[in-house]
Every structure is written in structure tokens, then in C-alpha cells.
Amino acid sequence: LIGLKCAGSCNGRVRSSSSGLLSIEHTWDENKQYHCEACGYSNFEDSLKAITKLMTRIETIEADLKDDSVHDSIKYSKSMGQDLKQLFDFMSKSYCHPQTSWYVACSSDVFVHWCANALNHISDEDEQLNICHQALSVLEKSRNATKFCYDYEGDLTWLIKRGMEAKLRLFVNPVDFDAIRLVQGVRRDLMHYYPSTDEIISSLDETIRAYSYS
């Protein structure tokens, strides 16, 4: 189950002919044949090529974001955010099932991380709030795919994403007490894996201090 949308315009699940019913494949294999369980459609070559092209673009942007030689004004430009949002929309609306696709979860993750980091480089409050709302919207649309792909023992991605969502919610609404409790819960669970001095834990501690009211 790789999260493809049926190119034959039905809502059936797409699987590889060689994978078992319970197997999960995060990425597609060009050496396998794929088919829709509902209608039998099997010509997914165009969809898979489009996904490859989209993922190549996402990976290029992600590399630029990690490249210290690329200036922050380019990394966190409005056009960069628009590109990532558009890539997510193509993945989730045109080619991939928003409930189960690893590609949807991956493109969401890159965009949301961009949003969280961009907040530190933007001074206009309205623009900051707009970025937060976009990130929260993408998180909501990709929630099931992210949970499906990452919420299992040994992978902390789901927990970390939940903490990031809570921090974005608090940026929009500083008295979102459910979000504060979510940050506290994520911190408690991550403390089983990270020391208190870790950057992730320190960031959560900073959020708790900033938004806890007596």
C-alpha cells in the first residue's frame, strides 16, 4: 500500500502485484506493477513519473534549506513557501491518497518545517499569522497520512510533529490550553529518548515557559 490515487478515477486502494495484503511500501518501485484493488486499473506510469518529479523538486528545496551558503532571504522568501505549498497540494490532490500516502506526509513535513523556521525571519505579524494558518491547515490535511506512516514504536516523527503543531497553535492563540497540554505531553514522552539538554526538549521547555499562565 503506497498511497497512490487511482488514475482510473475511483477511490480504490493501489497495491503492487508482488506485495502482500498487509505490507506497507513507503516509496514506489519501478520494477513492480501496480493495480487498483477496486477497478483493476494498472496504468500508473504517468502518476509515478509525476510523483518522482515532485519529490525531486522537494528534495532540491530541502537541500537548499540545509545549505549554509544559501542566504536566509532566499531560504525563507515568500516564493519558497509558495513552491512548497504548491508541491504539497499537487501530491495530496492530484496523485496521492491524503489518508495513507508517505509522499503526502513527506511533503507536508518539509512545508511545515519551512513555516516554523520562517517565523523567525519574518517581522510582519499578519504574514506570520498567515504562515501559521497555512501550516496548521497542511498539518490537518496530512494528519492521517503522517500518523499512518510514522506512528509506530521506535519512530519519534509523529511525536515531534505533534509538538510542532502545538507550538504553531500557541503562536496563533496564546491561550490555547489544549495546545499547552499537548506540548507538556510530547515533552514527557520524548524525555524517555532525549536528555533534558537536547535542543528538542529545550525548545519545548521554552514554549511551556512562554505560554504557561499562573
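Buried residues are those under 20% relative accessible area, exposed ones are over 50%, and partly exposed ones lie in between, as computed with a 1.4 Å probe on protein chains only. By that scale Arg188, at 53% relative accessibility, counts as exposed.

The model is predicted, so local features need pLDDT of at least 70 and side-chain atom pairs count only at pLDDT 80 or more, while totals for chains, interfaces and linings use all residues. Residues are numbered from 1 along each chain as its sequence is written, and side-chain values use heavy atoms, with hydrogens and water left out.

Helices (H or I, at least four residues) and strands (E, at least two) are DSSP runs, numbered from the N terminus. Arg188 is placed in helix α7, and its C-alpha atom is separated by 43 Å from that of Cys10, 178 residues apart along the chain. The expected span of a helix is 1.5 Å times one less than its number of residues; for the 14 residues of α7 (residues 177-190) this should come to 20 Å, which agrees with the 20 Å between its end C-alpha atoms.

The buried residues of α7 are Ala179, Ile180, Leu182, Val183, Gly185, Val186 and Leu190, and what covers them includes α6 (157-172) and α8 (199-211). Contact here means heavy atoms within 4.5 Å. Towards α8, the residues Ile180, Val183, Gln184, Val186, Arg187 and Leu190 of α7 meet Ile200, Ile201, Leu204, Asp205, Thr207, Ile208 and Tyr211. The residues of this contact divide into nine nonpolar, two polar and two charged, where Ala, Val, Leu, Ile, Met, Phe, Trp, Tyr, Cys and Pro count as nonpolar, Asp, Glu, Lys and Arg as charged, and the others, Gly among them, as polar.

In the loop between α6 and α7 lies Asp176, which counts as buried at 14% relative accessibility. Leaving aside neighbours within four places in sequence, Asp176 is in contact with Arg169 and Leu170.

## Helix pairs

Axes are lines fitted to C-alpha atoms, for helices over the stretch in contact, and the angles run from 0 to 180 degrees between N-to-C directions. Angles under 35 degrees count as roughly parallel, over 145 as roughly antiparallel, 65 to 115 as roughly perpendicular, and the rest as oblique. The table sets out three pairs.

| Helix pair | Axes come within | Crossing angle |
|---|---|---|
| α5 and α6 | 10 Å | roughly 155 degrees |
| α7 and α8 | 10 Å | roughly 150 degrees |
| α1 and α4 | 11 Å | roughly 25 degrees |

The crossing angle of α1 and α4, roughly 25 degrees, makes α1 roughly parallel to α4. At roughly 150 degrees for α7 and α8, α7 is roughly antiparallel to α8, and α5 and α6 are likewise roughly antiparallel to each other.

A crossing is left-handed if the near helix is turned anticlockwise from the far one by less than a right angle, and right-handed if clockwise. The crossing of α5 and α6 is left-handed, α7 passes α8 in a left-handed crossing, and the crossing of α1 and α4 is left-handed too.

Between α1 (residues 45-66) and α4, the residues Ile51, Met55, Ile58, Glu62 and Leu65 of α1 meet Trp102, Tyr103, Cys106, Ser107, Val110 and Trp114 of α4. By class, this contact of α1 with α4 has nine nonpolar residues, one polar and one charged.

The contact of α5 with α6 has ten nonpolar, four polar and six charged residues.

## Single residues in other elements

Ser142 has its place in helix α5 and counts as buried, with 0% relative accessibility. Apart from neighbours within four places in sequence, Ser142 is in contact with Phe88, Val104 and Ser108.

Asn117 is found in helix α4 (residues 102-118) and is partly exposed, with a relative accessible area of 35%. The C-alpha atoms of Asn117 and Glu140, which are 23 residues apart along the chain, are separated by 19 Å.

Glu37 lies in the loop between β2 (34-36) and α1, and at 35% relative accessibility counts as partly exposed. Glu37 and Val14 are 23 residues apart in sequence, and 6.1 Å apart in space, C-alpha to C-alpha.
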